[in-house]
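The following exercises are to be worked with the sequence and the three-dimensional structure in view. Each task is followed by a solution in steps.

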Amino acid sequence: MSLADCVVPSADADDESRLARMTSDVIDHLIRADAEQRRLADKEPRLLILGSGDSGKTTLLKQLRLLHGKPFSGAEAQTYHELMVHNAALGLTGYLQLCDLLSLHVAHSDERALFEMNAPALMHRTTEIPANVVAAMQALWCDPAVQSVLPIAPQHNIQDTAPYFLAKIDAIAAPGYTPTNDDILQVRSPTTGVSETVFNINNRQLHFIDVGGQRGLRKQWSGFFDNCHAILFVASISSFDQTLHEIAKDGLMGSLMGPDADLDSDLLNPDAVLPTNRLADAVQLFGQIVNNRVLAKSQVVLFLNKDDLFRDKLARGIRFADFVHGYDGPNKADAIAKHVRHMFMAQRRDKDRIVTVHRTCCTDTNAMQILVGSLIESLTRSALESVGIL
């Protein structure tokens with residue numbers, strides 16, 4: 001036996017060995033805990049809210065928050081107040097420019113000059129509107145020329161909720177004004193990133209993910225398709241007379257879904273002109289979603305949203321057939337909605353794939369409360385069954 005074999009390990013060596021074992025045990029525990037957390041998260045239903053820009057996706061998410069007990073914080077209310085001022089100023093600017101485009105005389109020239117001098121500041125994160133500017137905005141809002149362009153304003157991409165804010169601009173400008181839930185639902189602000197909201201519904205965690213719908217943002221969508229239990233696709237049925245003014249220069253539709261999309265070759269052409277009609281764009285986009293192989297097992301719910309604005313346009317005599325080829329039926333809401341539903345459903349390659357369709361007005365809290373309650377219960381049960389919990 002050598003001298004080395006007779007050496008007794010020191011206390012320091014024992015301490016180091018124990019410390020190493022303890023460190024290893026802690027790391028193993030953290031790894032197991034992380035794996036368990038991921039396993040449980042995989043079993044929590046994930047629902048994607050998708051659709052074209054300005055379709056009402058974010059309004060749907062706001063309704064979900066209001067209906068499931070997640071009130072907006074003071075900081076959020078402040079931001080929405082600023083956006084209300086922004087929406088009012090931007091809308092009035094659009095109406096005045098449309099009057100110029102149509103050579104309509106705006107009688108309140110002094111008020112216009114005052115408003116246009118202050119408009120840039122109003123569209124830059126403020127809730128303070130000088131009293132004389134409020135008075136000018138009220139006068140311009142009531143100007144006959146401005147009122148005359150309201151029916152065609154959406155065709156020129158002027159926000160459809162601008163009248164709501166301009167009609168109450170004096171209240172919005174009052175010191176200490178706090179936005180109501182209706183105000184928050186009416187605010188328009190494009191989703192430029194990814195927003196995830198977690199709801200605890202019937203003791204279950206549901207993850208709702210809202211991703212920007214503008215064409216330049218759709219490349220982000222595919223990163224959320226894995227482990228997606230349901231798609232809530234929101235389309236504006238009132239957008240049949242509106243345009244996007246967008247041309248794909250980098251194959252956005254082709255790059256949207258990746259190699260499994262099996263898209264038509266013309267959509268992969270970087271110089272292809274994509275539909276500029278908003279409803280046509282929504283229909284085509286829905287086809288890309290419903291036919292994506294990664295989403296083959298995801299439940300699909302289609303919201304034909306902004307039904308109130310849709311009915312209002314038809315009542316004012318705007319003809320659906322003038323903007324959508326292939327329709328020769330009456331200019332009646334129910335008949336047109338049936339045709340629009342067929343336009344979307346015809347995109348399915350698998351004609352047996354179930355798509356639940358609802359006509360909605362996401363700003364109508366009472367109507368949405370009934371619909372969302374039953375819908376969420378159905379989606380939750382379906383999602384939990386798909387992961388083997390039920």
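A crossing of two helices is called left-handed if the near helix is turned anticlockwise from the far one by less than a right angle, and right-handed if it is turned clockwise. The model used throughout is predicted.

**Exercise 1. A pair of helices**

Task: Describe how α4 and α5 pack, and state which hand their crossing has.

Solution. 
Step 1. Locate the two elements: α4 covers residues 109-122 and α5 covers residues 131-142.
Step 2. Consider the geometry. The helices pack at an angle of about 115°, and their axes are 9 Å apart.
Step 3. Apply the definition given above: the crossing of α4 and α5 is left-handed.
Step 4. List the residues that meet. From α4 these are Glu-111, Arg-112, Leu-114, Phe-115, Asn-118 and Leu-122; from α5 they are Asn-132, Val-133, Ala-136, Met-137, Ala-139 and Leu-140.
Step 5. Sort them by class: the contact comprises 8 nonpolar, 2 polar and 2 charged residues.

**Exercise 2. A strand covered on both faces**

Task: Determine how many residues of β1 are buried, and which strands pair with β1.

Solution. 
Step 1. Count the buried residues: 6 of the 6 residues of β1 are buried.
Step 2. Separate the two faces. Arg-46, Leu-48 and Leu-50 lie on one side, while Leu-47, Ile-49 and Gly-51 lie on the other; both faces are covered.
Step 3. Identify one partner: β1 and β3 (residues 204-211) run parallel, with 4 bridges between them. The bridge partner of Leu-48 in β3 is Ile-209.
Step 4. Identify another partner: β4 runs parallel to β1 and is joined to it by 5 bridges. Here Ile-49 stands opposite Leu-232.

**Exercise 3. A helix inside the structure**

Task: Explain why α2 is described as largely enclosed by the rest of the structure.

Solution. 
Step 1. Recall the cut-off: a residue is buried when its relative accessible area is under 20%.
Step 2. In α2 (residues 57-67), 8 of the 11 residues are buried, so the helix is largely enclosed by the rest of the structure.
Step 3. The buried residues are Lys-57, Thr-59, Leu-60, Leu-61, Lys-62, Gln-63, Leu-64 and Arg-65.
Step 4. For the chain as a whole, 46% of the 390 residues count as buried.

**Exercise 4. Residues in loops**

Task: State whether Arg-125, Asn-157 and Asn-292 are buried, partly exposed or exposed.

Solution. 
Step 1. Arg-125 lies in the loop between α4 and α5. Its relative accessibility is 60%, so Arg-125 counts as exposed. Arg-125 also has a positive phi of about 50°, although it is not a glycine.
Step 2. Asn-157 is found in the loop between α6 (144-149) and α7 (162-166). With a relative accessible area of 31%, Asn-157 is partly exposed. The phi of Asn-157 is positive as well, near 60°.
Step 3. Asn-292 lies in the loop between α11 (278-290) and β5 (299-305). At 2% relative accessibility, Asn-292 is buried. A polar atom of the Asn-292 side chain lies 2.9 Å from the backbone nitrogen of Val-294.

Note on methods:
Residues numbered from 1 in each chain as written. Predicted model: local features only at pLDDT ≥ 70, side-chain atom pairs only at ≥ 80, totals over all residues. Heavy atoms only, no water. Axes fitted to C-alpha atoms, helices over the stretch in contact; angles between N-to-C directions. Contact = heavy atoms within 4.5 Å. Nonpolar A, V, L, I, M, F, W, Y, C, P; charged D, E, K, R; others polar. Buried < 20%, exposed > 50% of the residue type's maximum accessible area, 1.4 Å probe, protein only. Polar contact = N/O pair within 3.5 Å; in protein donor to acceptor, adjacent residues only side chain to side chain. Pairing = 2+ DSSP bridges.
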